[in-house]
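In these notebook entries I record what I looked up in one structure.

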Amino acid sequence: MTDHDHHHDHHEHEHHDHDHQDLPPEVQDALERVAEVIGQLEDPATGMVLDTLDADIEVGYDDGTVYTGVTLGYPCASQQVDWAQRVRQACAPLLADGPLAGADIHSDLYFDIQRTESGAVPESLDRVKNIIAVASGKGGVGKSTTAVNLALALAAEGATVGLLDADIYGPSLPTMLGTEGVRPEIKGGKFFLPVHAQGLKTMSLGYLLTEDTPAVWRGPMASGALNQMLTQTLWSEDGEALDYLVVDMPPGTGDIQLTLSQKVVLAGAVIVTTPQDLALVDAMKGVEMFRKVSVPVLGIVENMALHTCSNCGHQEPIFGSGGGEKMAADYDTRLLGQLPLDMAIREQVDGGKPTVAVEPDGEIAALYKTIARKAAAAVWLGQDEGGAMPEIEQG
Ligand SMILES: Nc1ncnc2c1ncn2[C@@H]1O[C@H](COP(=O)(O)OP(=O)(O)OP(=O)(O)O)[C@@H](O)[C@H]1O
């Protein structure tokens, strides 16, 4: 049982403890109003009001305390304290006066991660709820750095997460997670067991290649290797469902990217770009490619967007500003966040300890966690719209 399942059970339990039926009608009415006020609060990850989302709201009362619980569809463990404060503030007038006057309030935030409708899948993907591709139009923009920190951030928010390094031309995951030289266990002569690293279940061609393996991979061979890693890795070998499988895609918009989106149903794609004009043009091609195969674009991450002067701490957009934002608006998608060009991000990930793992409470980790919540919330919204079954465009 995962942490959040546990929370959810606790939640249901609490609900029964505070059955409205024994309460005087005026208290019941006041609790209804508490629920209405909460329903009007904005979910920060989507910017939408809770009532317009498929969010579960529960309100109870026991012995002078109002209990509220909200269940969102994306991992949000870091938001608990903020949330409780917002509910307290919004409900203050209702607790100052009337039948709830003087009551205390206790608010919980839960999450319940649903599965994206995926049709028939290979056995190994049976318990993988959502596959998220991290892609970029061109190489070197920090796609792998973003993918690994995004995966760690989803896990830090309470999700169970896998990371597949599909960058078969230059697999960098073993370096980024300090798992060089590790070989995955083989099961039944056919399946790989994922390599557990820093709280993630991981697989990379880097685990399978030896020093003698020639690095010359042609297109068809490469996509075959990707397909094998995807479908022959037992992602839920321990019986625990994977909430998200983050796939670090090879750079570019070629055959491998298309093959993947046709082999499995992707819950969505995150596009990584840098602010330079050329990178943005390539990133737009990435957006268009995923749209063509009906994969929802969850949003854009602008990497190396600001430069922090290592002498004075001053931040400036040396490559120009507003590019990611404009592109998101032009292409009807969202800017999930911006990362600075920061020496620590590079040193940490290149040294096998990505920022979110090594400084989980730092400013940069907070940026990645916000991106993770927004991307996961976009997956949730997509599920609400009836899933993301790929349809190949006609003509
Ligand atoms: N925000 C950042 N600030 C500083 N350095 C960064 C940042 N993001 C990534 N880097 C560094 O830039 C280099 C390239 O990053 P990364 O390997 O993630 O890019 P990529 O787009 O996946 O590249 P490729 O296309 O070669 O796979 C790495 O050395 C990485 O540490």
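**Entry 1: loop residues**

Helices and strands here are DSSP runs, numbered from the N terminus: helices are H or I with at least four residues, strands are E with at least two. I noted that residues are numbered from 1 along each chain as its sequence is written. I also noted that this is a predicted model, in which local features need pLDDT of at least 70 and side-chain atom pairs count only at pLDDT 80 or more, while totals for chains, interfaces and linings use all residues.

The phi of Asp63 is near 50°, a positive value in a residue other than glycine. Is Asp63 buried or exposed? Asp63 counts as exposed because it has 7 C-beta neighbours inside 10 Å. The rule I applied calls a residue buried if 20 or more other C-beta atoms lie within 10 Å of its own, exposed if 12 or fewer, and partly exposed in between, with C-beta atoms placed from the backbone.

I then turned to Ser294, in the loop between helix 9 (277–292) and strand 14. Its phi is near 55°, again a positive value in a residue other than glycine. Ser294 has 15 C-beta neighbours inside 10 Å, so it counts as partly exposed.

Gly140 sits in the loop between strand 6 (128–136) and helix 4. It counts as exposed because 11 C-beta neighbours lie inside 10 Å. I recorded that Gly140 and Ala279 are 139 residues apart in sequence, yet 9.8 Å apart in space, C-alpha to C-alpha.

**Entry 2: helix 3**

Helix 3 covers residues 80–96, which is 17 residues. From its first C-alpha to its last it reaches 23 Å, close to the 24 Å expected at 1.5 Å a residue; the expected span is 1.5 Å times one less than the number of residues.

Where does helix 3 bend? It bends by about 45° at Ala90, and Pro93 follows within four residues. The bend is the angle between axes fitted to the seven residues ending at a residue and the seven starting there.

The buried residues of helix 3 are Trp83, Val87, Cys91 and Leu94. Among what covers them I found helix 2 (25–39), strand 4 (65–72) and strand 5 (104–111). After the helix comes Gly98, with a positive phi near 80°.

**Entry 3: around the ligand**

I found 21 residues surrounding the ligand, the closest being Gly139, Gly142, Ser144, Thr145 and Arg346. A residue is near a molecule if its C-beta atom, placed from the backbone, lies within 6 Å of it. Helix 4 (143–156), strand 14 (297–308), strand 16 (335–341) and helix 11 (343–350) each give two or more residues to this shell. Helix 11 gives the most, with four residues.

By class, I noted seven nonpolar, nine polar and five charged residues in the shell. Ala, Val, Leu, Ile, Met, Phe, Trp, Tyr, Cys and Pro count as nonpolar, Asp, Glu, Lys and Arg as charged, and the others, Gly among them, as polar.

**Entry 4: domains**

The protein is divided into domain 1 (3–111) and domain 2 (123–384), with bounds from an automatic or database domain assignment. Their centres, taken over C-alpha atoms, are separated by 35 Å. I recorded 12 residues of domain 1 in contact with 12 residues of domain 2; contact requires C-beta atoms, placed from the backbone, within 7 Å.

Key: Contact = placed C-beta atoms within 7 Å.
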